[in-house]
Amino acid sequence: MKSIKIKLSSALYLFLCSIFLSSCVATSGIDNTTSISSSEGILGKKTTYAWYQPTPPAQPAYGPEFNPSLQRHMLKAIEEELQRKGYTKTTVNPDMLVAYDVSVSVPDAMDKAELYGPGFGYSYAYMAGYRYSYGNAQLPGYRAVDLFKQGTLIVDVIDPKSKQLLWRGWTEGAIKNFDAGYGKAKSEVQKIINRMPGAVQP
């Protein structure tokens, strides 16, 4: 009788462990990716893009824990994912401009509104020398870059004529390690670009 109880206890223990582990697997796959758009189908007729700022207008100044190689990984990953969605990179009359950023905690010495463009703030792009200044008048649910959780990866699509934000996608806390390699960058960028509509082919 005692051995039967032991076997039952062991079976119950294994059963509970399996439930616990399966719940961990289920919750670990939660996708914290979101996107907002200025209007329905706004990207529907876009086929070409260029970077909002192809080169940084200021001297890069990375903090000690931030790796400059992350910039290269992000640019490469975004270009590859946009190509996969059917968009073509161009330097002549692009249909849309693209920018990315990663939110970081603002050190006390840099916590000064006058240092940044409207809606931006201290961030990975700021350290890389980029100074974005496009508007967001038509985008519902917009918030400034420095109001996102640290490590949030943000991809923006901007109208080249009005310099207004048309579309934004982001993944909360995606880049926790600022030494992240290309594989991590690619994985997180893909989650965001997947939410973009594909380019309309002629």
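**Exercise 1.** Determine whether Tyr 122 and Tyr 126 are buried or exposed, and classify their ring pair.

*Solution.* Tyr 122 and Tyr 126 are both buried, where buried means under 20% relative accessible area with a 1.4 Å probe and protein chains only. The model is predicted: local features need pLDDT of at least 70, side-chain atom pairs count only at pLDDT 80 or more, and totals for chains, interfaces and linings use all residues. Residues are numbered from 1 along each chain as its sequence is written, and side-chain values use heavy atoms, without hydrogens and water.

Next, consider the rings. Rings of Phe, Tyr and Trp (its six-membered ring) pair if their centres lie within 6.5 Å; planes under 30 degrees apart are stacked, over 60 edge-to-face and the rest tilted. The whole structure holds 12 aromatic pairs. Tyr 122 and Tyr 126 form a tilted one, with 5.8 Å from centre to centre and 50 degrees between the planes.

**Exercise 2.** Identify the charged end that sits over the ring of Tyr 126.

*Solution.* The criterion is NZ of Lys or CZ of Arg within 6 Å of the ring centre and within 35 degrees of the ring normal. Arg 131 places its charged end over Tyr 126, 3.9 Å from the ring centre.

**Exercise 3.** Explain why strand S5 (residues 153-158) is largely enclosed.

*Solution.* Strands are DSSP runs (E, at least two residues), numbered from the N terminus. Six of the six residues of S5 are buried, so the rest of the structure largely encloses this strand. Leu 153, Val 155 and Val 157 cover one side, and Ile 154, Asp 156 and Ile 158 the other.

How values were computed
Buried means under 20% relative accessible area, exposed over 50%, partly exposed in between (1.4 Å probe, protein chains only). Helices (H or I, at least four residues) and strands (E, at least two) are DSSP runs, numbered from the N terminus.
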